[in-house]
Amino acid sequence: QVQLVESGGGLVQAGGSLRLSCAASGRTFSSYVMGWFRQAPGKEREFVTQIGWSSGSTRYADSVKGRFTISRDNAKNTVHLQMNTLKPEDSAVYYCAASFLKSLQIGVDSWGQGTQVTVSS
């Protein structure tokens, strides 16, 4: 399994942008589907986005389409989430996730510790 460490969370005003990063350890990073989930207080953890191991396939939740962009750098074992036009409802703890050769929506093999994103109105 890979170990995941997120960074880049913080406080931003509505309409602003943030970029989250996730650093992964392990030699088979390129074989993992990578992505992000989020969990707001009192709500269940929800899928946000994922990117396939070849970076050719991405998937987004309807709530973030057109505003969020996921990317990965297999040479640096990192995945990034560029979040634009942020809304207060995007406030949550964001978790990096990894799944070996399968969609994150089928199952997650590794989780990061989470990073807080707060969007003020």
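1. The chain has zero helices and eleven strands (DSSP runs numbered from the N terminus; helices are H or I with at least four residues, strands E with at least two). This is a predicted model: local features need pLDDT of at least 70, side-chain atom pairs count only at pLDDT 80 or more, and totals for chains, interfaces and linings use all residues. Residues are numbered from 1 along each chain as its sequence is written, and side-chain values use heavy atoms, without hydrogens and water.

2. Four aromatic pairs are present. Rings of Phe, Tyr and Trp (its six-membered ring) pair if their centres lie within 6.5 Å; planes under 30 degrees apart are stacked, over 60 edge-to-face, the rest tilted. The F37 and F47 ring centres are 5.7 Å apart with planes at 80°, so this pair is edge-to-face. It links distant parts of the chain: F37 lies in strand β4 (residues 32–39) and F47 in strand β5 (residues 46–51), ten residues apart.

3. Is F37 buried or exposed? F37 is buried, at 10% relative accessible area; F47 is also buried, at 14%. Buried means under 20%, exposed over 50%, partly exposed in between (1.4 Å probe, protein chains only).

4. Ring pairs join F37, F47, Y95 and W111 into a cluster. The charged end of R45 sits over the W111 ring, 4.5 Å from its centre. Likewise, the charged end of R72 sits over the F29 ring, at 4.6 Å from the centre. The criterion is NZ of Lys or CZ of Arg within 6 Å of the ring centre and within 35 degrees of the ring normal.

5. Of the chain's 121 residues, 46% count as buried. Its C-alpha atoms fill a box of roughly 40 × 25 × 25 Å along the principal axes.
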